[in-house]
Amino acid sequence: MSDVPILTKEIAILLLLLVACLGAVSFKRLNFPYTVGLVIVGLFLGLLDYSGSPLESLRALTLSPDIILYIFVPPLIFESALNLDNKVLLQTLTPSLTLAGPGLLLATGFIGISLSWVTPLSLGQALLFGALISATDPVATIALFKELGVPRRLTMFVEGESMLNDATAIVLFDLILVAIASGEVGANTVEKASLDVFTTLFGGIVVGVLVATVMRWAIAVAADDYAIQTTVSAIIAYTAFLTAEHYLEFSGVIAVVSAGLMVGRYSEYHLKPDIRKYIYEFWEYAAFIANSLIFLLVGLTTTGFLGNINGNDTTVWISIGWAIAIAILARGAIVFSLIPLVNLFQKTAPIHWRFQLVSFWGGLRGAIALALALSLSSDFAHQELIISMTLGVVLFTILVEGSTTSQLVRLLGLDRLSIREELAQSQARVFAKKEAMQLLDKLENQRLLSPAILNCFQEQYQQSCQQAEQSLERFWESLREQPTQMRQLFWLQALQIEHHAYRELHDEGLISGLVLKKLSLMMNWKGDSVLANQIPPRVAKTKMLENMWEKFLLNRLLVWIPKRYWLQKHRLHELTVRYEYYAAIAYVSQKVIKTIKKLAREQAVDEIIASECIEFYQNNGKAAFEWIDSFVQERPELAFPMQRQVLQRALALRESETIAYLAHKGIIPESALAKIRQQILSF
């Protein structure tokens with residue numbers, strides 16, 4: 001019967017997943033945070049007496065440090081890293097590092113000294129508890145903020161701190177544990193902790209980058225295999241964590257973050273859209289499974305452990321109360337003292353007081369704190385008290401702070417749509433109604449439905465479309481009183497259209513990933529210029545960027561020195577990239593002009609603003625075409641092969657996509673798909 005425990009655990013996991021699915025639907029309808037709801041369900045299941053029932057198998061599942069760290073954390077962190085906005089992350093990196101580094105050290109000291117006065121814990125034991133409970137947990141925080149839909153910058157600020165302070169907490173916890181064993185807790189502990197935190201962070205980054213770089217070739221080789229590429233991404237996530245955390249004693253979370261950023265960046269510029277979407281959906285599903293199980297198990301573990309506490313032992317309950325109060329006070333003191341100090345030196349993008357308030361109250365504790373507390377050996381003094389205090393703080397932050405953070409976000413107005421999002425919403429309503437009306441016209445011509453039914457819907461949608469257009473027009477009218485904001489908003493929309501057009505060119509195989517990177521950098525620069533009210537944004541001159549030395553190497557020296565072939569090849573590569581770069585600008589400029597004209601007609605935008613934007617793109621397109629014409633005339637022996645290469649790549653991609661579409665529709669049998677693709681594409 002050796003297989004009985006495995007079967008029991010399998011049944012328990014299936015039951016928890018069933019509960020998670022039912023909870024996801026129910027809590028969404030109730031507009032209640034999903035993760036908080038799962039903890040409540042876990043507590044309820046833990047309180048039930050289900051002896052002899054099928055639910056008895058749930059007793060086989062308990063949280064342990066290894067399950068938390070090595071099973072649940074990697075997919076949650078990797079999925080979040082794939083979706084990180086690098087630009088926004090860099091803007092919030094300084095305040096996040098401040099809270100994760102000095103902030104966590106100060107909070108540990110504050111909590112440790114305070115609890116040593118009011119609980120049975122010694123100073124060393126209280127500092128140990130302060131180290132594990134001071135760090136906001138990435139698992140709990142990421143899950144909550146995704147549900148709330150808070151502003152992207154606030155999400156990056158809180159997520160960045162949560163990911164970074166994990167390394168600080170684990171290193172500090174280990175150092176204090178060693179110091180307690182040796183009987184020395186003092187200034188040397190803090191000094192050594194600071195050095196080890198830096199080493200752990202840097203080592204985690206290096207491990208993540210190396211693992212992702214080494215494994216990336218496997219993703220490139222399996223160019224069209226969804227399953228292999230997704231599997232490799234899973235190998236990268238877990239290998240990065242295991243290598244850093246277990247073998248090298250670096251930060252596993254930071255390793256997974258850096259690996260996820262590398263994979264996300266690679267997939268953005270080198271993978272096909274459908275494969276990229278498949279990988280992202282896989283990790284979204286993996287995060288859902290991990291989140292569901294971990295929060296249900298938090299509830300089950302809490303009831304199981306706290307149920308063993310003697311109800312007459314008031315010392316434990318008083319200690320839990322003090323731990324909750326002091327942990328909250330420490331969090332508030334650190335956030336509201338250090339962030340204003342950082343803002344004094346970070347003038348360009350300060351952290352608003354509303355963000356600070358949400359960061360304070362939304363700083364949940366969860367899986368990492370539990371993993372550290374549960375890792376204490378049974379012979380450690382006051383082990384059960386530390387675990388009870390940890391569970392108390394974790395439970396309070398998830399149930400109380402987690403369930404009220406959404407109200408705080410709404411109270412502060414952080415859930416409101418930005419002005420750009422309001423515009424997008426108004427535009428989407430207009431375009432959606434018009435598309436629906438076109439479908440009604442098509443159905444009318446096909447005579448499939450009763451004319452009376454069609455006329456009824458046509459009248460309804462005609463009225464809805466008029467209302468949507470009027471709402472959009474009122475939106476723009478309200479902005480006429482703020483011409484600067486109106487001008488900036490229209491330009492940001494034009495830049496968004498331009499950036500999306502470059503992405504489409506890359507997905508169609510007309511530009512390479514390297515060219516898309518250069519164009520994306522240009523778009524970021526232009527976007528920053530517009531946000532700084534530098535309109536129109538300045539762009540680099542579209543000229544042939546060859547200096548005299550380059551011309552000499554290309555036209556004279558390389559002819560006489562065959563050994564320098566590699567230099568000529570590098571130069572040709574640069575010219576190819578530059579050709580695609582300007583060709584993309586020339587093509588997209590025309591497309592953006594057409595879109596802007598259409599938007600200007602439908603939105604009643606000020607003619608001066610629209611004409612200014614149109615003139616900007618006309619000049620950009622003209623300059624790009626001039627560069628291309630000049631290059632073709634001067635170097636036809638290079639231009640024509642480049643054009644042929646781009647065209648062959650685009651046509652091969654279109655053929656491959658068409659074959660896949662035919663297989664999806666059943667025209668081509670799946671069993672012969674690979675052979676048909678090989679024969680057609682090879683021809």
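Student: At roughly how many degrees do the axes of helix H8 and helix H14 cross?
Tutor: First, a word on the basis: this is a predicted model, where local features need pLDDT of at least 70, side-chain atom pairs count only at pLDDT 80 or more, and totals for chains, interfaces and linings use all residues. Residues are numbered from 1 along each chain as its sequence is written, and side-chain values use heavy atoms, with hydrogens and water left out. Helices (H or I, at least four residues) and strands (E, at least two) are DSSP runs numbered from the N terminus, while axes are lines fitted to C-alpha atoms, for helices over the stretch in contact, with angles from 0 to 180 degrees between N-to-C directions. H8 spans residues 152-182 and H14 residues 353-361, and their axes come within 10 Å and cross at roughly 40 degrees.

Student: Which word describes how H8 lies relative to H14?
Tutor: Angles under 35 degrees count as roughly parallel, over 145 as roughly antiparallel, 65 to 115 as roughly perpendicular and the rest as oblique. The axes of H8 and H14 cross at roughly 40 degrees, which makes H8, relative to H14, oblique.

Student: Is the crossing of H8 and H14 left-handed or right-handed?
Tutor: A crossing is left-handed if the near helix is turned anticlockwise from the far one by less than a right angle, and right-handed if clockwise. For H8 and H14, the crossing is right-handed.

Student: Which residues in H14 are met by residues in H8, and how do the classes divide?
Tutor: Contact means heavy atoms within 4.5 Å. From H8 come Arg153, Leu154, Phe157, Val158 and Glu161, and they meet Phe355, Val358 and Ser359 in H14. For the classes, Ala, Val, Leu, Ile, Met, Phe, Trp, Tyr, Cys and Pro count as nonpolar, Asp, Glu, Lys and Arg as charged, and the others, Gly among them, as polar.

Student: How many nonpolar, polar and charged residues are in the contact of H5 with H13?
Tutor: Helix H5 (residues 93-118) and helix H13 (residues 314-345) have axes that come within 9 Å and cross at roughly 145 degrees. Their crossing is right-handed. By class, the contact of H5 with H13 has no charged residues, four polar and 20 nonpolar.

Student: How does H17 lie relative to H19, and which residues of H19 are in the contact?
Tutor: The axes of H17 (residues 419-446) and H19 (residues 483-507) come within 11 Å and cross at roughly 65 degrees, and that makes H17 roughly perpendicular to H19. H17 passes H19 in a right-handed crossing. H17 contributes Ile419, Arg420, Leu423 and Gln427, and H19 contributes Gln485, Leu489, Leu492, Gln493 and Gln496.

Student: Is Gly23 buried or exposed?
Tutor: Buried means under 20% relative accessible area, exposed over 50%, and partly exposed in between (1.4 Å probe, protein chains only). Gly23 lies in helix H1 (residues 4-30) and touches Lys28 and Tyr34, not counting residues up to four places away in sequence. Its C-alpha is 9.3 Å from that of Ser292, although Gly23 and Ser292 are 269 residues apart in sequence. With a relative accessibility of 8%, Gly23 counts as buried.

Student: What is the relative accessible area of Glu249?
Tutor: Glu249 is found in the loop between helix H10 (226-247) and helix H11 (252-270). Its phi is positive, near 60 degrees, in a residue other than glycine. Glu249 is exposed, and its relative accessible area is 64%.

Student: And what is the relative accessible area of His382?
Tutor: His382 lies in the loop between helix H15 (367-374) and helix H16 (383-411). His382 is not a glycine, yet has a positive phi of about 60 degrees. His382 is partly exposed, with a relative accessible area of 35%.

Student: Which residue does a cis peptide bond join to Ile535?
Tutor: Look in the loop between helix H20 (513-531) and helix H21 (548-560). Omega is about -5 degrees for this cis peptide bond, and the residue joined to Ile535 is Pro536.

Student: What percentage of the residues of the chain count as buried?
Tutor: The chain has 25 helices and zero strands. Of its 683 residues, the part that counts as buried is 48%.
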